[in-house]
Amino acid sequence: MPRRPKNTSRRSKALRSGRGQRAESFPTPQSSTALALEYNQLLSGLDAKVLVLNKFYMAVRVITARRAFILLTRETAEVIHTDDGSYANYDFSTWAELSELRKEFEPDDHDWVKTVRFDIAVPRIIRLVGYDKLPQQRVKLNRRNLFARDHNRCQYCGKHFHTSELSIDHVKPRTQNGPDTWENLVCACTSCNSRKGGRTPQQAHMKLIKEPIRPKRNPLISMRLNSERYASWKAFLDEAYWSVELK
Ligand SMILES: [Zn+2]
């Protein structure tokens, strides 16, 4: 976990101290209820993804910004903002106020949602202050996670497809007692899937581009870790949280 913030620059100082520091023209959000009303007016940036931590700062899931703002306005969550390897916690009102400064100093570092009166930076990470459940240790085997593991690539021809054009292939077919497991299921485009039919790759003279395995970490999270946009997640995704066996 990154260390707590040490103020270094003027800009950081301005952004971090926050409380009690308001631009004259800035309309103060009076309460969470007022912010909840503003929420209805948010126009964009709502599809950005937000990492959710439990109260112990362990990553538990990824949600949309839309959902994150609901949790923030209900005050069940707070914003965790990382900067130069340290992090700070903000309640939603403070975060909304600081967004004014961020808009001025670092407009390109954030996704933005616009309300009628002001813009709010989409937080990359939030923490559920009262949630003490531990992250799920086993990645659920479902369509979404499977497609994410295979990066929406047909595992036979290697081409990328939109989710709607992909199907799930049993490497060893069901008709030959192939199980529903991470090791036996792959993404396949409809044309490869129908070419393969009810045969094993060997029988169909087709080759998998990669051996299918059970992912250690939620593949939706792994996918986003490659993006600069979600670089701040790394600090909270200690491998140990995901691989350690909990008794
Ligand atoms: Zn294919």
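In which loop is the place of His205? His205 lies in the loop between helix 7 (201-204) and helix 8 (219-225), where helices (H or I, at least four residues) and strands (E, at least two) are DSSP runs numbered from the N terminus. This is a predicted model, in which local features need pLDDT of at least 70 and side-chain atom pairs count only at pLDDT 80 or more, while totals for chains, interfaces and linings use all residues. Residues are numbered from 1 along each chain as its sequence is written.

View 1. Most residues other than glycine have a negative phi.

**View 2. The open sheet of five strands, in the order 2-1-7-3-4**. The pairing in this sheet is mixed, two strands being paired if DSSP finds at least two bridges between them. Strand 2 (59-64) and strand 4 stand at the edges with a single partner strand each, so one side of each is left without a neighbour in the sheet. Neighbouring strands are turned by 30° against each other on average, direction ignored; axes here are lines fitted to C-alpha atoms, for helices over the stretch in contact, and angles run from 0 to 180 degrees between N-to-C directions. Strand 1 (residues 49-53) pairs with strand 2 in the antiparallel sense over five bridges, and Lys49 stands opposite Thr64 in strand 2. Helix 3 (residues 65-73) packs on the sheet, touching strand 1, strand 2, strand 3 and strand 7 (125-128), and its direction makes about 110° with that of strand 2; residues are in contact if their C-beta atoms, placed from the backbone, lie within 7 Å.

**View 3. The hairpin of strand 3 and strand 4**. Strand 3 (residues 77-83) and strand 4 (residues 86-90) run antiparallel and are joined by five bridges, with Tyr90 in strand 4 as the bridge partner of Val79. Two residues lie between the strands, and Asp84 takes a positive phi near 50°.

**View 4. The largest nonpolar core, with 29 residues**. A nonpolar core is a set of buried Ala, Val, Leu, Ile, Met, Phe, Trp, Tyr and Cys residues joined through C-beta atoms within 7 Å. Val50, Leu51, Leu53, Ala68, Leu72, Ile125 and Ile126 touch the most other members, and helix 3 gives the most to this core, with five residues. Not counting residues up to four places away in sequence, Ile126 touches residues including Val50, Ala68, Leu72 and Val79. A second, separate core of eleven residues includes Cys154, Leu166, Ala188 and Cys189.

**View 5. Helix 4, with a bend at Ser99**. The 14 residues of helix 4 reach 19 Å from the first C-alpha to the last, close to the 20 Å expected at 1.5 Å a residue, the expected span being 1.5 Å times one less than the number of residues. The helix bends by about 30° at Ser99, as the angle between axes fitted to the seven residues ending there and the seven starting there. Among the buried residues of helix 4 are Phe92, Trp95, Ser99 and Arg102.

Methods. Contact = placed C-beta atoms within 7 Å. Buried ≥ 20, exposed ≤ 12 C-beta atoms within 10 Å, placed from the backbone.
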